[in-house]
Every structure is written in structure tokens, then in C-alpha cells.
Amino acid sequence: MSARLRALLACALITALGLGLYIPSALAQQSRDTVVIGMAQEPDCLIGDFCQMAAGRAIEANSVYLGMVPYNDKWQLFAGSVEKVPTLKDGDWQLLPGGKMKVTYKFKRNFTWQDGRPHTALDATWSYLMLRNPRSPTLSRTILRKIDNMSAPDPYTLVVQWNERYPFANTGHSVYPRHILERDYQRDPSGLKASRQARFPIGNGPYKFVEWVPGSHITLEAYDKYPEGVPKIKRQVWRFILDSTVLQANVIANQVDATEINNFSIEQMLDIEKRNTQQTAHYTPALIWEHIDLNLDNEWLKDKRVRQAMAHAINREELSQKLFYGKQPVSHTWLPERHEGFNANVKKYNFDQARARALLTEAGFTPGPDGILRDRAGKRFEMSIMTTAGNAVREQVQQIIKEQLRAVGLDLRIDNRPAGVLFGQTTRRREFPYMVMYAWVMSPLTLPHSFWNSDQIPTAANNWEGSNYPGWRNAESDKLNNQILEEIDTAKRVALLKKQQEIWAEDLPVIPLYFRLQLNTSNKRIQNVKPAGLAGTYINWNSQTWAWTQ
Amino acid sequence: MQRFLARRLVHGVIVLVGLSILMFTLLVFTPGDPVELLAASNPDIRPEDVAMLRKYYGLDDPFYVRYFKWMRSVVRGDLGYSRTYGTPVAKIIGERLRNTIWLVATSVVIAFVIGATAGIYSALRQYSKTDYAVTVLAFAGHSVPAFWQGIVFILIFAVWLPWFPAGGMLTPGVAPGWPAFLDRLWHLVLPSAVLATFGMATWARYTRSSMLEVIRQDYVRTARAKGNPEKVVINKHALRNALIPIITLVALSIPAILNGAVLTETVFSWPGMGLLLFQAVLGHDYNVAMAVILFLALMTVVFNLLADVAYAMADPRIRYE
């Protein structure tokens, strides 16, 4: 090798070494002021009512804005930008004749928008009208339609007039800065998603928006006039790392301090715990219910005994132990244990192959020469199961279920679809002939009506409205669902929910599998990280109280 | 030459229009309507909301009407709005294009310098251990999938040996000026190394072949016979002629590298056009996806043309009519 080439290589090596030493040490100085949160999603916008991506809501709803009545990690409502949560007992939530209601909120007087302008009930009334306008890009107006009008008798009092009973009428409403959005709204309501506020929001929360580098990150800085206390950590950086394996590598390498919306599996979480003892893996029970919808129009599945037999044939406890190390509890009903309406005393379908075979015999099935059952007409007992293609965990679950059902004489064929197809058409238009496996992400506000009422079965006639994909019809459940929809008293509503679950568990329109956990990570040296396990209440719900320990 | 250029331009336009029809049709008929997906995630959504959203996003027209509207606006210079981000597509692409140029340009330079140097060295020492080593590494470089290589690099150089960042383009909060420039370079090392691998392997092999052919020519033997130092024989006589086909190859490879950047940018979360295309296709953001695909197709057409022109300029024996 020539001397000149050797000298060139030596220079390159020294430069690389220098860079390698300089940059990490320079960056280490910044980290105490900053928390880096990794996400496997990039927001589409930062106005929650227009955002499709959960990533947008995670940043704007919990850091840039403080809602009127948010949820905490115990799934309790607390007063955010209002003085108290309205209740029937205190009289600020009133039931009126004709099924109407009135709810009154008092806004905290010390809140401002981050540009210093007052944050008042007038912003709330304007936001309601803006969101209600059919030309605004509001994703859902379902709750807005239940409201007759909102008014502000004074700047810090909001009165909401409801035109029907709604059990969650005291959970607040979206409030946006009128003084910023109004001009864009007047010019063109349909263009609001492209407004400056959607990309560079000014909120009322503990963190101010600083920058959005598309494809890379969003930076927020502590709002120094935040009335509930200036955040201890000066800066939040939300990094978008779309691939969960790469995000996992970043966590292991301590290049992100926390994660939210990470698409991690339990195996990845256990791997993180093993490889990096500086990170905490949070496994938070959530309202995510993994289950198998059964098409009750099918000749076999319309028989309750067949459905119950299938539930007995699947060893869900073993599934949970083998695939999820026992961390994801088996579900026997459609609500998880943490939900106020959870009923622990519903009929349970424990693993019992003998019972499964007995039920199938009762239903008229007889063994065939190949070990697969035949029905009364001699038809072979075979079905297909669909789920999201490429989801490794679900595909493993399918394999286990296939083997377990084969043992009782049911031949299962796997027939998966990409998520876009499965959720776009297959479920919504009930195009699954037998079984489809997926998860519902629910909230404390979820009511059974849209999932289990017979008028919520999507058909061409009703323009595919409703989420009762199995097509379950039960008059008693319908009656309870309608009562629950309007029952304001929590204790009464809980009693109705428990009764509905008993009927549901007996009829079993769906095979419940397990409840999924919300999986987050955070650096052990960050104090006060308390994931909530609720969609809409992300890891940063209390990030103004986070602090780095030494 | 002018007639040749004119003909090639017309061909290029036909290719672009044909490709736009094909890609638009494929995107539109890809299962998973974005509004249906939105509706599926919200059990309380009503049909009238769904209808309103379809109208808002222009999804209620037949696909050929949508294509015609899109083409008409593109011809007028308007690439439309991103359904996901609600911002003009041109603005989004502009932001990302710069990042992709950084990555691709660095990769091309690395690939060319290392690949060509290795090829030349290998040719001059044919059948030596170095030659065999370069050949084996070149085959390995061709065979290794970029996605896998990227994840392995992250594992080795960011996790086990924390020398480089595990993705991203810059460290948030770094001071502007030189620190930001150096930080950008630091982030560029791993993704450009991955993206350059295939190019290095290709150009090493081609340079070796081209060099071997040239050094056996009579004029090279004559140059040696005249008493020129070996360095002059190689650099002045052999190398220039050996590099003529390589120039063409470089021009033809750049569109391939641009397309290959999709995987690399995804693995390293490098916010470029490739990652944008990946996100747009997954999110059914038709305007963005079409704009990026058209851009990549345009680059392929342009660089093909440039390759032909450069070849004609470098080699006076080549004439186009």
C-alpha cells in the first residue's frame, strides 16, 4: 500500500474516532433536560378530532393540551382544565324532562393558551360549533349529535344541553383556541386539517410545541407559565421509528427513554428487560379484547351448542401461558376485570374436550372416517378462520387453535387477509364465512349497544352501520343494551351490564380469548411514569410530574 | 443527436403516462378503503359520517374520474393534498427529497470510490488473494438483503458497540452549524453503508472486467513500451478508457439506488422519499404515493437518457441519430 494511501486512511480513521468520541459525549450533556419517547407511528395532524392516527392524539391530548376531564392511570376522571367533574349528586349534572339533560362546567380561571390568551368556555362553545359543521373534517359527530347546544353565560361557565340520556355526559369536550383557528375556519372549514394549528398547535397543556421534523421527530418544551406546575423535564422529543424491531434496538441501546404506540410483542418486551436492565417494561392491563367473531348466519354456528363446544375445545389458559407467559389473562366475557361493569360470575368455558365432543354429538355430529365430524346431512365439519396476515402472534394462535379444534373433529383452514382488507371490508361487511379473529380496543365509555344490539348488524339495507359483526340477535340482551345506553346512575348501569354479560356468556356469539396488555417501556431513572392502559390516555398523561433521578 | 433526444423525450412521456395509469389503478383497487378502515375503528360512526368523509376525500367518484382529475391537476403543476397530513404533496416531497438526496448521494460516492478502487486493484492483481477476496465480497454484497443487513448493522454498531445511532437523521436539540452537520454525518454512516453495499459490489465487478479488457489492449502495451511509469500507463491510458462504461453504469444505477432507499430509509427511520412512499401506500394516501412513484419513474427515465448522452460524449465512436 503506498505511503499516500496509508496517510489518507490514517486521517480518515482519526476523524472517525474523533467524531465517535465527540458526538456521544456532547449529546450526553443534553439528556438530563430531555426525555425521548419512541413511537412506531407518525401523527397525521395535531388536532385530535381530525387525527386518524393515535400518535397525534398521544402528543396533543396529553402534552400540548390539557382536557377538561381526562382519565388518570386508575381510569378515574379528574378535573383537568375545569374546577370539578360534574355529578348528579352535586347538581351540576341535571336530568330534565323528555330525556334531556344539562351539564354545567366551571373553567379554571388561571389557565391560558400558551400564547397568553385566556382559555375560556367561549373557546369550548366555538369549538363545538366548528366540529359540528358538516364541512369540518371531524372524524365522528356521534356524541356531538346528542348535544342540543352549548352556551357560556359567563366566560368561565359552560352549559351543555343534551337532547338524550348519555351516561358519560360529564367527560368534557374538545376545546380549541378560537382566536387562532377562527380565521382558517371562516375561510374554509374543510381545510382545517391543513391549518397551522394542525401542524404547529398552541395548546393549554404543560408542553409547548417547538418543531415537527417530518419523518423524524416532534419536539415539545416545558411551558413556563403552566398553572399546575412547570414540568421538571424541560423537553420532550417524540421520535418516529416505524419498525418495531428497530424501535426495540433503540430501547436496548438507550437511545429512547420511553415508548408509546410501539407495536411490541411480549417477547420483545422480555428481550428488552433481559438486555437492558436500565429499562422498565410496563405490562398494563388494558381494554383490548382479543376474540374470535363467529358468523351466526352459518348453519352450524347458529347452534349455541356448537359455539359452546368450540369454546370448551380451545385451551385458552395454555395459550396464554405458552404464548404470553401468563401475562395476558383469559377472558370469559367481553369486559376486562378493570372495567367497572366486569362480571366475574358469568358462565365459563374451561378446557374440556370431553364436554366439547358431547355437545357436538348433541348437535347431531358424528365421527367421520378421517377423524373429522360429519353433520346430519353428511357434510364434513370444516371451517375457515381469518385474521390479520403477517401478525406473527395471531398466526401462532391460529395454529394452536387449529390443532385443538381438530382434536374434537373440526377441521380448520387458515385464510388470512392484510389488516386493511380485514378491517376495511371483511368484518364491516360480514364477509367472513365462519370465524374472524381480531381485537376490539375499547374505552371506559364503551357501551354494549353498537357491539351486541340486533339493530347494529351491518347490512346493505342499513348502509353497513353497526359493529355487531357476528349477527347476534337476542331480545333480552337488546332490551338491556338500550337501557344501559340511557342509564345515568353508575350503580344501576353496572348492574345492567353484569346481567347483559350473563346472557352473552350463555349464548356465546363470540369466542373470547384473552385481554391484551398495553406495553410500554421507560428508563428506570425517570420517576412517576404510570401507564394507564387506556386508549386516549397515553404514557405521557402525567408527564409534567416526570423527573430524572441522579 | 437532437432528433434522438426528442424521440427519447416523447418515449419518456409515454412511459410516465402509462405507468401513472397502471399505478393509480393498482393503488385504487388495493383492498382496504381508507374511509372504511377509519369507520371500522370507530363502532359509533354513522353511515352519513362515512359518506361525508368519502365526499371530503374525493373517494366517491369512479376511479377513472379520479385519475382524470388527478392528471389534470398534475399537468397544471398541482400535485394535490396529502389525505393523511392535509398539506400540499409538493411541500411534503420537497422536505423529504432533500433527505433522500443526502443519503443517495453519499451512498453513490462511497459505492463508486470503494467499488471502483477495489475493482481496479483487483484487475491489476488478477488471480491474487486480493482479487479473490474482492470477488467473494462482491458476490456477498449482491446477495445480502438490504433489510436484513440494516438490522444487523444496527445490532452490531448501535446496540453491541454503541458507536452509531440506531436510526433517525439527527439528534434533536443539537446546536446548528458545525455540530448539526457532524451530527448528520454521524447518522448517515450506517444507512449509507447499507445502501452503498449493492452498488459497491456491482461496480467492483464491472470495473474489474472493464479494466481487464483495457489493460490487454495494444495501446496500453505501446504506452508501456514507450517507457512510461506503470502509474502513468494505468491512470492516464487504461483507467480513462475503462471508466467509460462505468460512467454509464453509475447513471443507470442511481434510479435503482433511489428505489432501494425505500427499505433502507424504513429500517433506519431516515425521513426520505422511500419512507414517505412506504407510509403513503400503507395509509392509502393516493396523492402522495402517486407523486413519489412518478418522481422515481421520472428519475429512471432522465438518468437513462443521461447515461446514453454521457456515453456518447465520452466515447466519440458512439453516434445517435
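Two strands pair if DSSP finds at least two bridges between them. Helices (H or I, at least four residues) and strands (E, at least two) are DSSP runs, numbered from the N terminus. The model here is predicted, so local features need pLDDT of at least 70 and side-chain atom pairs count only at pLDDT 80 or more, while totals for chains, interfaces and linings use all residues. Residues are numbered from 1 along each chain as its sequence is written, and chains are lettered from A and ligands numbered from 1 in the order in which they are written.

**Exercise 1.** Work out which strands flank β16(A), and how enclosed β16(A) is.

*Solution.*
- Start with β10 (residues 279-294) of chain A: 13 bridges tie it to β16(A), and the two run antiparallel. One pair to look up is H282(A), whose bridge partner in β16(A) is N520(A).
- Next take β9 (residues 258-259) of chain A, joined to β16(A) by two bridges, again antiparallel. Here T259(A) sits opposite T521(A).
- Now check burial. A residue is buried if 20 or more other C-beta atoms lie within 10 Å of its own, exposed if 12 or fewer, and partly exposed in between, with C-beta atoms placed from the backbone. For β16 (residues 510-523), 14 of the 14 residues are buried, so the strand is largely enclosed by the rest of the structure.

**Exercise 2.** Find which side of α14(A) is buried, and what it packs against.

*Solution.*
- α14 (residues 475-486) of chain A has twelve residues and reaches 17 Å from its first C-alpha to its last, close to the 16 Å expected at 1.5 Å a residue. That expected span is 1.5 Å times one less than the number of residues.
- The buried residues in α14(A) are S477(A), L480(A), N481(A) and I484(A). They cover an arc of only 105 degrees around the axis, so they lie on the same side of α14(A). The arc is that of the directions from the helix axis to the C-beta atoms.
- These buried residues pack against α13 (449-452) and α15 (490-507) of chain A. Contact means C-beta atoms, placed from the backbone, within 7 Å.

**Exercise 3.** Describe the fold of chain B and say how far to trust it.

*Solution.*
- Count elements: chain B has twelve helices and zero strands.
- Of its 321 residues, 40% count as buried.
- Then check pLDDT, the predictor's confidence in each residue, from 0 to 100. Chain B averages 84, and 93% of the residues score at least 70. Among its elements, α2(B) has the lowest mean (67) and α7(B) the highest (91).

Note on methods
Two residues are in contact if their C-beta atoms, placed from the backbone, lie within 7 Å.
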